[in-house]
Amino acid sequence: MTNNNNSVLPSNDLYTLMRERHSVRHFDTEFVISEEEINEMIELAVKAPSSSNSQSWRFLVVTDKELKKQLKIVADNQQQVEDASAVFVILSDMKFYDKLDEIFTSAVEAGYMPKEFKDEYVPNVTKYYQALPKEQFHESVSFDAGLVAMQLMLIAKSKGYDTVPMGGYNKEKLKMLLNVPDNLLPLIILPIGKGIQPGRRSTRLPVEDVLTWNQFK
Ligand SMILES: Cc1cc2nc3c(=O)[nH]c(=O)nc-3n(C[C@H](O)[C@H](O)[C@H](O)COP(=O)(O)O)c2cc1C
């Protein structure tokens, strides 16, 4: 595992990973991350919480060299998109409620909830989401996607890989390039690979600038 100075991190400790993760934009173009490892990272990342356990996130992983080259163009020519081993496209399923029954049936089968609860809960939750105003619906799925994206970045870091979350791309052009179905909305793209140059250092606002206790004045 490497940090921004390319030295070995002392541990896989969460605090260290959070301090050492930075957006990396220069990747080893020859380095390949196996499908098995990508599956493993996603399997762990989806332990993230989500609204009603809806798991509204979907992942498209682009590894094809030619597609990455074209995706770079869609992403304002940001070179990291072409150079990374893979680019995760994190999408929200705007019809995620179609899978609620599957999700809660598996919870029943695992013995986590009674079937009677599931039979009442799933139709109620489905109606709730279907009736939500567009803005609130979007807020909910975006929140889920943000949580899973952060998990992925930390998991990648713990495996010695680097990432950069990216919103700088044209959604419509990306959808066309990658044949994204209408029900899926791209939210963020996440190139991942072996960093060959540290990320730009960044600072954070002091805690007193972002923390308020109890009530705003
Ligand atoms: C929603 C979002 C969109 C971003 N879009 C881009 C992008 O298009 N290109 C890029 O190079 N970095 C992008 N970043 C990375 C930020 O610039 C970076 O996270 C921030 O400067 C803090 O630096 P750090 O990640 O190295 O700690 C984005 C980050 C977020 C969370």
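**Notes on the ligand site, the fold and a few residues**

1. Let's start at the ligand: one of its oxygen atoms sits 3.4 Å from a polar atom in the side chain of Gln-80. That is a polar contact, meaning a pair of N or O atoms within 3.5 Å; inside the protein, one atom must be able to donate a hydrogen and the other to accept it, and residues adjacent in sequence count only if both atoms are side-chain atoms. Ser-23 has a side-chain N or O atom 2.6 Å from a ligand oxygen. For Arg-204, the distance from a side-chain N or O atom to a ligand oxygen is 2.8 Å. On its own, the ligand exposes 620 Å², and the protein buries 63% of that (areas by the Shrake-Rupley method with a 1.4 Å probe; for residues, only the protein chains shown count as cover).

2. Before going on, keep in mind that this is a predicted model: local features need pLDDT of at least 70, and side-chain atom pairs count only at pLDDT 80 or more, while totals for chains, interfaces and linings use all residues. Residues are numbered from 1 along each chain as its sequence is written, and side-chain values use heavy atoms, with hydrogens and water left out.

3. Who else surrounds the ligand? There are 14 residues around it, and Ser-23, Arg-25, Gln-78, Gly-167 and Arg-204 come nearest (near means that a heavy atom of the residue lies within 4 Å). Sorted by class, this shell holds seven polar, four nonpolar and three charged residues. Here Ala, Val, Leu, Ile, Met, Phe, Trp, Tyr, Cys and Pro count as nonpolar, Asp, Glu, Lys and Arg as charged, and the others, Gly among them, as polar.

4. Now zoom out. The chain has nine helices and four strands (DSSP runs numbered from the N terminus: helices are H or I with at least four residues, strands are E with at least two). Starting at the N terminus, their order is α-α-β-α-α-β-α-α-α-β-α-β-α. The C-alpha trace spans about 55 × 45 × 40 Å along its principal axes. Of the 217 residues in the chain, 41% are buried (buried is under 20% relative accessible area, exposed is over 50%, and partly exposed is in between, with a 1.4 Å probe and protein chains only).

5. Have a look at the largest pocket, with a volume of about 280 Å³. It is lined by 13 residues, and Asn-53, Gln-55, Glu-102, Ile-103 and Ser-106 are the closest to its centre. Two elements, β1 (57–62) and α5 (100–109), each give two or more residues to the lining. Helix α5 has the largest share, with four residues. By class, the lining has six nonpolar, four polar and three charged residues. A pocket is found on a 1 Å grid over the protein atoms alone, as an open set of points where a 1.4 Å probe fits, with protein on both sides within 12 Å along at least five of seven lines; lining residues have an atom within 4 Å of a point.

6. Two asparagines are worth a click. Most residues other than glycine have a negative phi. Asn-77, though, has a positive phi of about 60°, and it lies in the loop between α3 (65–74) and α4 (80–83). Asn-179 also has a positive phi, of about 55°, and belongs to the loop between α8 (171–177) and β4 (184–193). Buried or exposed, what is Asn-179? Asn-179 counts as exposed, because its relative accessibility is 66%. Asn-77 is partly exposed at 48%.

7. Over in strand β1 is Phe-59, which is partly exposed at 22%.

8. Finally, two exposed loop residues. Asp-182 sits in the loop between α8 and β4 and counts as exposed at 72% relative accessibility. The C-alpha atoms of Asp-182 and Met-94 are 8.7 Å apart, with 88 residues separating them along the chain. Arg-200 is in the loop between β4 and α9 (207–210), and it is exposed, with 60% relative accessible area. From Arg-200 to Lys-134, 66 residues away along the chain, the C-alpha distance is 36 Å.

Technical notes. Points joined across faces, edges and corners; volume = space filled by probe spheres on them.
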